[in-house]
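Subject: The structure, and what turned up in it

Hi,

Here is the structure I promised to pass on. Have a look at it first, and then read on for my notes.

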Amino acid sequence: MNIDLHYTEAFKTRHIGPNLSQTKEMLSLLKVSSIDELISQTVPPNIRLKEDLKLPKGKTERKYIDHIRACFAQNKVYRSFIGMGYYNTQMPPVIQRNILENPGWYTAYTPYQAEIAQGRLEALMNFQTMVADLTGMDLSNASLLDEGTAAAEAMYMLSAVQKGAKKKAKTFFVLEDIFPQTLDILKTRAESHDINLVIGKLNEVDFSDEDLYGVYIQNPDNNGAVNDYTDFIAKAHENSVLVCMGVDLMSLVFVKSPGEMGVDAAIGNSQRFGVPMGYGGPHAAFLATREEYKRQLPGRIIGASLDANGNNAYRMALQTREQHIKRERATSNICTAQVLLGVLAGMYGVYHGPDGLKKIAGRIHGLAQFLAGQAELLGYTQLNEVYFDTLKLIIPEGASIAELKKNAEEAEMNFRYFNETTIGISLDETTRFETLEIIIAVLASITSLKPETNKATDFEVAMPASHQRKLAFMTHPVFNSYKAEHEMLRYIKRLENKDVSLTHSMISLGSCTMKLNATSEMLPLTWPKVSQIHPFVPFDQAKGYHQMLEELESWLAIITGFAATSLQPNSGAQGEYAGLMVIKAYHKDNGDDNRNVTLIPASAHGTNPASAVMAGSKVIIVASDEHGNIDVADLKAKAEENKENLMALMVTYPSTHGVFEESIVDICNIIHENGGLVYMDGANMNAQVGLTSPGNIGADVCHLNLHKTFAIPHGGGGPGVGPICVTSELAPFLPGSPVVNVGGDKAITSISSAPWGSASVAIVSHAYIAMMGGEGLKEATKYAILNANYIKERLATVYPILYSGANNRCAHEMIVDFRAFKAHGIEVEDVAKRLMDYGFHAPTVSFPVPGTLMIEPTESETKEEMDRFCDALLSIKSEIDEVASGEMDAIDNVLKNAPHTASEITADEWKHGYSRTKAAYPLPYVQGNKFWPAVARVDNAYGDRNLMCSCLPVEAYADG
C-alpha cells in the first residue's frame, strides 16, 4: 500500500454514518446515481444557494482541541465573590465522571417514553423532592431554564390561579431589591402580557389596589440581606394577593423556608448545588408551589404511577398542560427544560444529604461571620443586619474603591461593586480560611487599620430565631443512603442502566435531530477555564469566551444568511419568543404599535402559537391544503384581511410534515407585501445547512436549535440553546442585559438571565462547525436527506407515508401513518411500546398528525443501524397483520402487552398466547444486544389521578 505522510482524518468521516459502499447501496434503492441527483429532486431550485458557505476549512479533532485550548487559555480564572445568583461550587468527581461526562446520561432524550427512561425520571424525582423539601412547598417542577425565567413563569402562574375579583387583575408588584437580571426578564414578560409591573419598596405595596394580584420578593435579597416576610405575606393573603419568593437553595439549609413563611410560589436556581458557573449556564432553575396550583405549574413535572403489572413507575405527569397540546391556549411555551443540570443538582443532594449540606452551609455562614468581624475592625461598615453568605460593605471614609478593585484583581479576586463606596462579597462552598486571609489582606490594603490574625472556629447561626428554619428536610432514604462512593457509583449506574440513549441505538425522533454528540465536542466543558468563569466578570477575564462566542455568532449568521446573531435564548422556545419580541420592537420603533397579528400554519410546532401568545400577539391559524402544505390562497386572504395589523408569519421550513414546500418564496413575499415580517422556526434547519438558508428564502429572523442541528446533546430534556439570527434591520433590537453590555443599540430587555445564555455549552456547536467546516456541514445535510429517503423507501413497502415533495421525496424526516390499524385495535402507542422490545426508542408519536410516527434518522446513523430499525418496523407490521387476520388475540398480543420486562419473561408462569422468545427476542439481532425496559407499560391516567411528585416511600422500593 502507498503510505501518505500527510494523512489526517477529516472529522466529517466520523460524524457522518454511511460509508461510500453503503451510500451506493442506498442510492441504488432510491434509483438515483448520486446524492446530488437526490438533492436536486428534493430541494426546490429557486431557493438553492448559489455559493458554498464562506466558513473556515474543517479542523481535525486534535487540531480543534489544540485551538480551543489556546483560545480559552486567554481566560483568567479568578476567585469570584460577585454572587448575584452564581457561585463557585464543587461537583463531586463521582458525579462529574459518571453523569456529566457520560453519554449514557447526556445523549438521552426527554423522557416521553417512560418505560425506557426510569433512571433519569427517578433522578428528576430526587431533584423535585430536594427542592420541595428545602423550599417547604408542596411540590416542585423538574427544572426551568434559569432563575429569571422561573420568576416570569411564576408571575404568569399567579395570575392564572387568581379567583373572584382578582381574576382580571393586571398589577404585579416587584420589590426593588432583587437581582437586576431577574427584574429585566420580568419587564420583558410583563410588557408582552400587558401586566402592570410596579417596582418599589416593601412599604410601598398598596394592598388596597384592587388591580394588584401578586408580589415578587427575594430572600436573601439583591444585597444579601435575609428577612422574615411572614407578616407581610399574611397581610397579602388577607387582601387576596399572592406572593412569590426568589430563594437561594443553599441558604435554605438555615434560613426560614418560603413554605414556613406562607408563600404561594418559590423560585430559584440550583447552580450552587455542584453545577459549574460556565459563564452563565446552563443551570437548572425551579418553581415550587402549592398542591392546589399543580395544574397551572409550568414546565415538566415528574410523577409516580403504576405499570401494567402493578409495579411502581415514574412518568412525566399532567402532560395535557404542555404547549404541544394546548397551543395558543397555553400559558407557557416551555419545551426544553434543564434535565441534565437538574439531575446533577439532585445527585449533589443525594451525595451530601442533609447532614453534608448543613456542614457546607454552616462553613459558608461561619466564614461570612468571621469576615464581617474582620472587615469591621478594618473600618468597613457592614449593612446587612441578617445575612447568610453575603456582606454588603461601605469602604472606610477616604478610601478608594478603584484602588480596592485594582488590588483585588491583582490578588485574582472579583468583588461586586455597587457604587463608588459600596462593595459586596458573597462566599461559597469553595471558600476556606486561607481564602479569607487573602480577602482580608485586600480589604486592609486601602486602610491603615490592621486585622486580627486569630482563626476563631466556634460560630453559631447568626440569625434571629424568627429568621431560622425549623422544618426538617431531605429525610427520604435516598438522601441518606449513599455516603460510600462505591454505593453512590452503583446507584448512578443502576439508574443509567434503565434508560435508552444514543449509546444503545438510534433515536429517530422527528423534529428532534438526535445526531452524534462527538466526544471531542464535549471535552472542553469541564476545563476550569471554561467551567469556572462567573458571567459578570470583567471582559478581560473572559477573552477566550468572547473569541469563541463571536466566532460562533458570525458562523451562524453566515449559515442562516443573516446579518447578526444573539446567543442569549437558552432554548428553542425562548428563541421563538425572542424572535417575535424583536419583530415587535421593530414595528414599534417604526410607529406601528398596532401590528399584533401573527399568522401560523395549522401544522406548526406547538411552541409557535404558545410563543406568539406569550409575545402578546393575536394568533390566526392558516389552513393546510390536501397535501399538507400551507394553503397559499388562505394565507394570502388572511394576510390581506389583517394588512393593517399584521406583525409576522411563523413558518417552519422544511415543513413540520418533512417537505420542502415549493411556494415558500411566494409565502414570504405575501407577508412582506402586507407589512409583516417572516419568522422562520429553525427546528428543521438540519435539512437546510449549506443547501439553502432562511435569509436566502426571504425570512427576516430565525431561531436555531443548537441542541439539534449543531450537535449539543439533548441531556435527557435539556440543556438547549436557541439563538436567533436576524437581518440588519432587526439587529439593533437584539436582547440586552442590565449587567453586561450586550445586544443591539435599541436592545429589547433580557430574554435570559445570563448575557450569553448557556454560554458554556455553546462550545459544542462551535466545535461542530469548526471541525465540519462549510463543506462538511453541506455534506451532513445531504446525508440527512439521503438517510431519511432511504428509510422512507424501505417502509413505504408496507406503511402509508404521509406527505411528500414534488418528486415524491421527503426532506430530512417523514411521517408514517398507522391510523388504519386502529380498526384492528392497534394504536400507534402500541407500536411505540413494541419498538422497545426491539431495542429502539420510538420516533415522535402523534405529532404533527395524530396516529402517526414522525421519523428523522439524521446524518450520523449508518446503513446497518437504519436497517435494524427498518427491520423492526417491518417485523411489527407482520405482528399487526397477525392481529388483523385473527391469528393473534386482539387483546393478548405482543403489541398490546409491550414492552416486556425481564422479570415477566423469566417468571415461572407465562400466561400469554405467544412465546417468550417472540416477546423478548423478535429478531436475531436483538439477542446479541438486548435492552430490557425497567417497567412494563406505565398507566398514565392512574398517575394523573393519584399525583405524587416526590420520592416514593421506602416501602415502595421493597421489590425493586
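Which backbone nitrogen does the side chain of D264 reach? That of V243, at 2.8 Å. Please keep in mind throughout that this is a predicted model.

A bit more on that spot. D264 is found in the loop between α11 and β7 (265–269), and with a relative accessibility of 2% D264 counts as buried. Leaving aside neighbours within four places in sequence, D264 is in contact with M137, L158, H237, L242, V243, A288, T289, R290 and Y293.

The protein chain has an average pLDDT of 95, and 97% of the residues score at least 70. The stretch to watch is residues 321–326, where pLDDT stays under 50. The model has 26 contacts for that stretch beyond four places in sequence.

Helix α10 spans residues 230–238, and its buried residues include F232, I233 and A236. These cover an arc of only 95° around the axis, which puts them on the same side of α10. The face turned away from that buried side carries D231 and E238, both exposed. What do the buried residues of α10 pack against? Their partners are β5 (212–219), β6 (242–248) and α11 (258–261). Just after α10 comes S240, with a positive phi of about 60°.

I401, L404, N407 and A408 are its buried residues. Seen down the axis of α14, they fall within an arc of 120°, so they line one face of the helix. On the face turned away from the buried side you will find the exposed residues A402 and E410. The buried residues of α14 pack against β13 (413–414), β14 (416–417), β15 (422–426) and α15 (433–444). At the start of α14, a side-chain oxygen of S400 comes to within 3.3 Å of the backbone nitrogen of A402. After the helix comes E412, whose phi is positive, near 60°.

In soluble globular proteins, nonpolar side chains tend to be buried together. Here the largest nonpolar core has 251 residues, and M347 and L443 have the most contacts inside it. Which helix gives the most to this core? That is α13 (residues 339–377), with 19 residues. M347 touches I95, I99, A123, M488, Y491, I492 and L495, not counting residues up to four places away in sequence. There is also a second, separate core of 64 residues, with L144, A154, V161 and L297 among them.

Two buried loop residues

N223 sits in the loop between β5 and α10. N223 is buried, with a relative accessible area of 12%, and a polar contact of 2.7 Å joins its side chain to that of K392. Not counting residues up to four places away in sequence, N223 touches D177, N384, T390, K392 and F418.

Y109 is in the loop between α6 (103–106) and α7 (118–135), and at 11% relative accessibility Y109 also counts as buried. Y109 and H841 are 732 residues apart in sequence, yet their C-alpha atoms are 9.2 Å apart in space. Leaving aside neighbours within four places in sequence, Y109 is in contact with R120, L509, C512, M514, H714, G716 and G717.

Cysteines

Write back with any questions.

Cheers

Note on methods:
Residues are numbered from 1 along each chain as its sequence is written. This is a predicted model: local features need pLDDT of at least 70, side-chain atom pairs count only at pLDDT 80 or more; totals for chains, interfaces and linings use all residues. Side-chain values use heavy atoms; hydrogens and water are left out. Buried means under 20% relative accessible area, exposed over 50%, partly exposed in between (1.4 Å probe, protein chains only). Helices (H or I, at least four residues) and strands (E, at least two) are DSSP runs, numbered from the N terminus. The arc is that of the directions from the helix axis to the C-beta atoms. Contact means heavy atoms within 4.5 Å. A nonpolar core is a set of buried Ala, Val, Leu, Ile, Met, Phe, Trp, Tyr and Cys residues joined through side-chain atoms within 4.5 Å. pLDDT is the predictor's confidence in each residue, from 0 to 100. A polar contact is a pair of N or O atoms within 3.5 Å; within protein, one must be able to donate a hydrogen and the other to accept it, and residues adjacent in sequence count only if both atoms are side-chain atoms.
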